[in-house]
Amino acid sequence: MAISEQRVILKHVDEPGYDPGIECYVRHGGYETLRKAVGMQPEEICRGVEVSEVRGRGGAGFPAGMKWKFLDRKSGKPIYLICNADESEPGTFKDRQIMHKDPHQLIEGMMVSAFAIQAALAFIYIREEMPQAARILEAAIDEARARGFVGEDILGSGYSCEIVVHRGAAAYICGEETGLIESLEGKRAYPRIKPPYFPAALGLYQCPTIVNNVETLCHVKHVVAIGGEAFARTGSPGNTGTRIWCVSGHVQRPGYYEFECGALTLGEMIHDVCGGVHPGRSLKAVIPGGSSAKILRADERFTGKLKDGTEFDWGLNDIPLDFDSLMACGSMSGSGGIIVMDDRVDMVEALANINAFYSHESCGQCTPCREGSLWMKKITKRMAEGGARTEDTDLLLSIGDQIAGRTICAFGEACAWPTQSFVSKFRDEFLAKASEDSGKRKGLRLV
Amino acid sequence: MNSEKHDNLISVHIDGEEVRVPPGTNMIEAARSIGTEIPHYCYHPKLSVVGNCRMCLVEMGMPGRDRETGEPMLDEKGQPKILWMPKPAVACATGAAPGMHIRTDSALVRSCREGVMEFLLVNHPLDCPICDQAGECHLQEFATDYGRGYSRFVEEKNVKPKRTRLGPRVMLDDERCILCSRCIRFCKEIADDDVLGFIDRGSYSTLTCFPGKELANNYSLNTVDICPVGALTSTDFRFRMRPWFLKQSPSICIESSVGVNTVVWSREGTIYRITPRRNDAVNDTWMSDSGRTLYKGVDSGDRMNVYTLEGRPADAGAVLEECVALLRGGSVAVVGSGRSSVEEQWMLKRTVEALGDEIPVYLVGRTEPGDGLLISNDRNPNVRGALLTGLMDTLPAATLDDLGARIEAGEIDTILSFGEDLCAAGLARGQLKKVRVIYAGTHHNDCSQRSRVEIPLLTVFERSGSFVNQQFRLQRFSRAIPGPEGVYSDLAFLALLHARLTGLRPMRPEPAEIWKHLSREIAALRGIEYDRISDTGVVIDGSKFAHLPFCEGKSLHYEPTAATAVS
């Protein structure tokens, strides 16, 4: 069964002849929404974003309209808008497409958002590993400024706002919004403790700040273009709009695919859209939302109740691709990075790989994540290299439990969830490592 | 509950016990106020809150309210229903809010502490036997109190720099560091010398000095005090003594009129270190590095420890008789000291009174620019004591020019200097040749060379008494070590001299005894009992002296009043 994409954000991207220049963007109706927006009341736009129920595409899926509502508008301090372009979750490559191929869409989305929250200044915090995207964005901002879409007196509205592109220095933690803010302020990207440092009240330079993901800001443009109510009718209730899913791993056609939320199931995505696993292989497991999301076993049954009370009983292939369904299955849609694993994958090695990433990226500020992530890495590396012990399996679980929920930021969960889910769902594989490797163990002693 | 309005306190519940605290008090302090310990590493009451060690995780809950009606939710027993947060919260960053509940000893909290302790220890070298912090190490203490008690770690530990010299007085062992950032925050927020920071990431994070900088400010050793582990050690103290062998004596630093509260650590008559003692009205929890080295004078080679007559060792009794003869045998001037205690100054004043009515009395002023923090412009710890006891009625000049003029005029035959080097105070050798000098002091100097009688005195570490600091705060110091053999205390010698001059029975040379007189005679000191002076001191009414041009500028917890500030 062929399923065709429902492209909104990526509508023109990859079309023959579509280029990232402003001429092309304007020819395709670009900046008309900004023109519409500056003719509206800012509160009207905010209300539209709220009724659209558009949820953050960065990972947590927090409703953008609600985030904006938390803004402290009484403080008298300037309000800042930050675009989080630190896309670093392994398995995620959607924002990159937007920035490389349609930068003006992001700029338009940002200016609409900035006008809506009456931001004094907007930033794009882009990860160091995307130098090309940073150059493209800077050139695009120059083009947009020359046409009055950015900068002084935007489209004659009297509203002015600049966009500053700031490049990170290669740290995953800068994707955490308060870590990002610290980094933008020129400090080590140590996430702040919340409370009291909720960005909407005490953000950049202790001023009210909104941090939104690239894709989210693009959606704001479409919310304003079609209206909040109309947007809310796309996707499924509570999971509105489209999402760009990034499928990687052992499928025949990996790539990025945009669909309305809930429009297809995980099975349809893997088998129909991406052509399934390679011939002769079978699906073993899927990480549905970037490497920090909990892994799902191909032969798992997921049962329970959705938010609206309906009961479900799904196999892996039956799970609708949206925010709530994946959460109900004990994982998350996260950043939209679907990592598919077939039966070749050694789960211990896979986890060792993920743990190496998180221990390398832990900022080191708070104890459980700093020490726990490296310890888990050391254990899984040793297990993968032939030094497994029977007790390592439960030890890994215990370490994960000692991290999740006890750290300053969500990195604690991000580094613990893979271990917790891999070990509990593939327990036999971890234990088997110990028995097959027991002879190779040497020189291990408690220290 | 009626008092809620009056005292502006709010009620929080810690393990079910109601505690009343000012709004916003963090839960570590709220728990401390009822004797409940919430273990912590990174939190320090005088530094900003970062919440990074995660040792103080507690369960937190608030009374529930019905979303529709706003009415408080009640449980089966009709009590307010507490909605507990699913995740534990750090007590250090949790400010008291009305009705807040915390649990400090639940299964979840215990498991959090076990986890954090284990994490802190996995890469820690566990070298307690050779670590200076052993015995006063929070890692040791909390591992014992809250740890799992056994290891589950078989991996290789991280390797980090050892024996890094951060500055002239502070050494760093990065492997012991638990990255609490107290030292970084201290340098930034208190010492205003932002030279420390972390490099690298995650578990490999390493404390270091910025390139080309060193931790050399005069408050650097406070980082050693607040380091909860053995990462930062004092080059002066490290490897010299185990802290559990040391006796702790509360004292006052004599470096300036700030009157920094200290603890003197000694064993068998030897002082090993001086550390600050918390006084939130004076020095918080800090002291200068320079103040910590003052104990070195106790055993220095130039220490005066025998009585002499004409340069020859003499019996204390003979020296006393010679003093009486000298003081009775001509016109006398007396030089007292702003480093003497209140009791000694009062005893000296009594002695002066016994000598006659027109005896000129001097004090030597020590004015040097302070640092605006814990060293004031006035380097005498107790000028205000001399004012209160009536020994002086004006502020001292830096040099004894007036006394010099009197000597030149032939008005003075004998000078009794009790604690001051007259040469350093500006008298010329020629001038001293014209008079007979009785010099009482702790160390040999030009003045002692030119004196007829030498009376050894005790250092502040060898005597007990009180000083009055720049805030007119009366603070006690107590003897940490005995003085040199056969040497009377300053107070005892003065009491004997006074008795010999007056024919009265000598007063018992104990501060408490002297205070029986002081509190009767001096209005501002009325009602004060020496033994009941609080450990953090008692503020005396100094308004009588408000017109004097005191030289102190602004320092921690001290603002000069308009009347006393000197521009």
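This is a predicted model: local features need pLDDT of at least 70, side-chain atom pairs count only at pLDDT 80 or more; totals for chains, interfaces and linings use all residues.
Student: Which residues have the most contacts inside the largest nonpolar core?

Tutor: The largest nonpolar core holds 115 residues. Another core, of 62 residues, lies apart from it and includes Ala37(A), Val54(A), Ala119(A) and Tyr256(A). Within the core of 115 residues, those with the most contacts are Phe422(A), Phe430(A) and Leu196(B).

Student: Which residues does Phe422(A) touch, leaving aside those up to four places away in sequence?

Tutor: Phe422(A) is listed with Phe430(A) and Leu196(B) as having the most contacts inside the largest nonpolar core. Not counting residues up to four places away in sequence, Phe422(A) touches Ile287(A), Ile295(A), Met341(A), Met347(A), Ala350(A), Leu351(A), Ile354(A), Arg427(A) and Phe430(A).

Student: How far apart do the C-alpha centres of domain 1 of chain A and domain 2 of chain A lie?

Tutor: The domain assignment of chain A gives domain 1 as 22–233, domain 2 as 244–342 and domain 3 as 347–439. For domain 1 of chain A and domain 2 of chain A, the C-alpha centres are separated by 28 Å.

Student: Which residues of domain 1 of chain A lose the most area to domain 2 of chain A?

Tutor: The two domains bury about 1400 Å² between them, with 57% of it on carbon and sulfur atoms. The contact involves 17 residues from domain 1 of chain A and 20 residues from domain 2 of chain A. Together accounting for 34% of what the domain 1 side buries, the residues that lose the most area are Arg55(A), Glu89(A) and Phe93(A).

Student: Which helix supplies the largest share of the side of domain 1 of chain A that touches domain 2 of chain A?

Tutor: Across this interface the rule finds one salt bridge, and the side chains of Asp324(A) and Arg55(A) meet in a salt bridge at 3.0 Å, N to O. Seven residue pairs are in polar contact across the interface of domain 1 of chain A and domain 2 of chain A. On the domain 1 side, the largest share, four residues, comes from residues 94–101 of chain A, which form helix α5.

Student: How much area do chain A and chain B bury between them?

Tutor: The contact takes 37 residues from chain A and 40 residues from chain B. In chain A, Trp375(A), Arg406(A) and Val447(A) lose the most area to chain B, together 22% of what that side buries. Of the area buried between the chains, 53% is on carbon and sulfur atoms, and the total is about 3200 Å².

Student: Which element gives the largest share of the side of chain A that touches chain B?

Tutor: The rule finds three salt bridges across the interface of chain A and chain B, together with 23 residue pairs in polar contact. Helices α13 (347–361), α14 (367–384) and α15 (390–403) of chain A each supply at least two residues of the side that touches chain B. The largest share, 10 residues, comes from α14(A).

Student: What is the N to O distance in the salt bridge of Glu361(A) and Arg201(B)?

Tutor: This pair joins side chains of chain A and chain B. The N to O distance of Glu361(A) and Arg201(B) is 3.1 Å.

Student: Why does the salt bridge of Asp346(A) and Lys433(A) tie together parts that are apart in sequence, and by how many residues?

Tutor: The side chains of Asp346(A) and Lys433(A) meet at 2.7 Å, N to O. Lys433(A) counts as buried, at 9% relative accessibility. Asp346(A) lies in the loop between β13 (337–342) and α13 of chain A, whereas Lys433(A) lies in helix α17 (residues 427–437) of chain A, so the separation in sequence of the parts tied together is 87 residues.

Student: Is Asp342(A), a partner of Arg344(A) in a salt bridge, buried or exposed?

Tutor: The closest N and O atoms of Asp342(A) and Arg344(A) are 2.7 Å apart. Arg344(A) counts as partly exposed, at 46% relative accessibility. Asp342(A) has a relative accessible area of 0% and is therefore buried.

Student: How far apart are the centres of domain 1 of chain B and domain 3 of chain B?

Tutor: In chain B the domain assignment gives domain 1 (3–105), domain 2 (124–240) and domain 3 (308–541). Taken over C-alpha atoms, the centres of domain 1 of chain B and domain 3 of chain B are separated by 53 Å.

Definitions and conventions:
Residues are numbered from 1 along each chain as its sequence is written. Chains are lettered from A and ligands numbered from 1 in the order in which they are written. Side-chain values use heavy atoms; hydrogens and water are left out. A nonpolar core is a set of buried Ala, Val, Leu, Ile, Met, Phe, Trp, Tyr and Cys residues joined through side-chain atoms within 4.5 Å. Buried means under 20% relative accessible area, exposed over 50%, partly exposed in between (1.4 Å probe, protein chains only). Contact means heavy atoms within 4.5 Å. Domain bounds come from an automatic or database domain assignment. Buried area is the accessible area (1.4 Å probe) that two parts lose on being put together, summed over both. A salt bridge is a side-chain nitrogen of Lys or Arg within 4 Å of a carboxyl oxygen of Asp or Glu. A polar contact is a pair of N or O atoms within 3.5 Å; within protein, one must be able to donate a hydrogen and the other to accept it, and residues adjacent in sequence count only if both atoms are side-chain atoms.
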